[in-house]
Amino acid sequence: MNFLKPLAALFALALLGGCVAPKTVDYAAFKQARPRSILVLPPVNESPDIKASYSLMSQVTFPLAEAGYYVVPVALAAETFRQNGLDNPNDIAEVPAEKLRSIFGADAAMYVKVTQYGTTYMVISSNTVVTATAKLVDLKTGTTLWTGTATASSEEGNNNGGGLIGMLITAAVKQIINSSTDAGHPIAGITSARLLSAGHPAGLLYGPRSPKYGTD
Amino acid sequence: MTHYVTFRPALAVALLVSALLAGCSGPKTIYQWEGYQPQVYEYFKGESKQAQALALEADLEKIRAKNGVVPPGYHAQLGLLYSSLGKDDQMVQQFQAEKAEFPESGAYMDFLMKNAKGVAQ
């Protein structure tokens, strides 16, 4: 049965491989750019729910600010776009980087897209899912500094091992029980925290206002 | 010069206790958030701006009472609400507060205050 030994070794390696961070991200441009402030553009919505864009937009400040960045006030920014005739997130995403920098004075812009937002009703239960992608772009050079994607679901339950995201999930589940009209909103908060928090594999780097700045 | 460190049991116990307490109190945030994000969502949904301003004012008192740090955008959001309620003096105060707390916002706050003046004249 000696031939099993190399197999077992391979199997062990495969298992260990599973523990390694799923992908490596090149942070060279990010580290060089050292953005301090981030302008989050109104998310482009690819889901059928018109609430998706502003539901997510209202919850991006928490993870980004706690990661150590100054976040341009989101409602005020949306208002500035509106006063300049830009209401549609797709049109706003086309505004040149230089223009954004001159008005908002931000070092970088976060382009967000909601790909899934809503509830699927099943016989005895329902599942609310919010999925989004994000791209951080240096407004001085136009260079992409980081990209990410995240999803959250109401079916994940309460067992999430604590921490900032665990806390949010527990709160979200409670909120969904209390309000069936806007079930996507608390889930969008978790998606946002997963997408835009620092300190996890392939996540954003900590910004200058975090005590952990420069440790990653 | 001595290389010995005096062992102080009281200090060690105090450190251990605070470490344990830190573990129990959950993740610590940089900012005191209160209702900032829910009020921003109310704004996007087009709900009463008067009610939003009242809620943010009340929460600002709570943050101050706890010696907390106001999150980025909080003062600016209040400024936006005051602006749409026609309280321009209070709007300017809040934009100035945002700028003082977060110098990163300086260019944008100046742009807004300059525009507001332009509209008023």
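Let me begin with chain A, where buried residues make up 43% of the 216 residues. Please keep in mind throughout that what we are looking at is a predicted model. In chain A there are 9 helices and 6 strands, and of its contacts with a separation of 6 or more, 67% are between residues 24 or more positions apart.

I would like to turn to the strands now, and in particular to strand E4 of chain A, which covers residues 108-121 and pairs with strand E5, residues 126-138, in the antiparallel sense over 13 bridges. As an example from that pairing, you can find Gln116(A) standing opposite Thr131(A) in E5(A). E4(A) also pairs with E1(A), here in the parallel sense and over 3 bridges, and within E4(A) the bridge partner of Leu39(A) is Ala109(A). Strand E2, residues 44-45 of chain A, is likewise paired with E4(A) in the parallel sense, over 2 bridges, and there Val44(A) stands opposite Lys113(A).

In soluble globular proteins, nonpolar side chains tend to be buried together. In this model the largest nonpolar core has 77 residues, and the members that touch the most other members are Ile38(A), Leu39(A), Val40(A), Ala106(A), Ala109(A) and Met110(A). The largest share of this core, 7 residues, comes from E4(A). If we take Ile38(A) and leave aside its neighbours within four places in sequence, we find it in contact with several residues, including Leu64(A), Tyr69(A), Val71(A), Ala106(A) and Met110(A).

Let us move on to helix H5 of chain A, where Val74(A), Ala75(A), Leu76(A), Ala77(A), Ala78(A) and Phe81(A) are buried. After H5(A) comes Gly85(A), whose phi is positive, near 80°, and which lies in the loop between H5 and helix H6 (89-92) of chain A. Is Gly85(A) buried or exposed? Gly85(A) counts as exposed, because there are 7 C-beta neighbours inside 10 Å.

Now for a point about backbone angles. Most residues other than glycine have a negative phi. Arg34(A), however, has a phi near 45°, a positive value in a residue other than glycine, and you will find Arg34(A) in the loop between helix H2 (28-33) and strand E1 (37-40) of chain A. Since 15 other C-beta atoms lie within 10 Å of Arg34(A), this residue is partly exposed. The C-alpha atoms of Gly85(A) and Arg34(A) are separated by 32 Å, with the two residues 51 apart along the chain.

In chain B, Glu34(B) has a positive phi of about 45° although it is not a glycine, and its place is in the loop between helix H1 (9-24) and helix H2 (36-44) of chain B.

Finally, let me come to the two chains together. How many residues of chain A are in contact with chain B? There are 27 residues of chain A in contact with 24 residues of chain B. On the side of chain A that touches chain B, at least two residues each are supplied by several elements, among them helix H3 (52-57), helix H4 (61-66), helix H5 (74-83) and helix H8 (163-178). The residues on that side of chain A divide into 15 nonpolar, 8 polar and 4 charged.

Definitions and conventions:
Residues are numbered from 1 along each chain as its sequence is written. Chains are lettered from A and ligands numbered from 1 in the order in which they are written. This is a predicted model: local features need pLDDT of at least 70, side-chain atom pairs count only at pLDDT 80 or more; totals for chains, interfaces and linings use all residues. Two residues are in contact if their C-beta atoms, placed from the backbone, lie within 7 Å. Helices (H or I, at least four residues) and strands (E, at least two) are DSSP runs, numbered from the N terminus. Ala, Val, Leu, Ile, Met, Phe, Trp, Tyr, Cys and Pro count as nonpolar, Asp, Glu, Lys and Arg as charged, and the others, Gly among them, as polar. A residue is buried if 20 or more other C-beta atoms lie within 10 Å of its own, exposed if 12 or fewer, and partly exposed in between; C-beta atoms are placed from the backbone. Two strands pair if DSSP finds at least two bridges between them. A nonpolar core is a set of buried Ala, Val, Leu, Ile, Met, Phe, Trp, Tyr and Cys residues joined through C-beta atoms within 7 Å.
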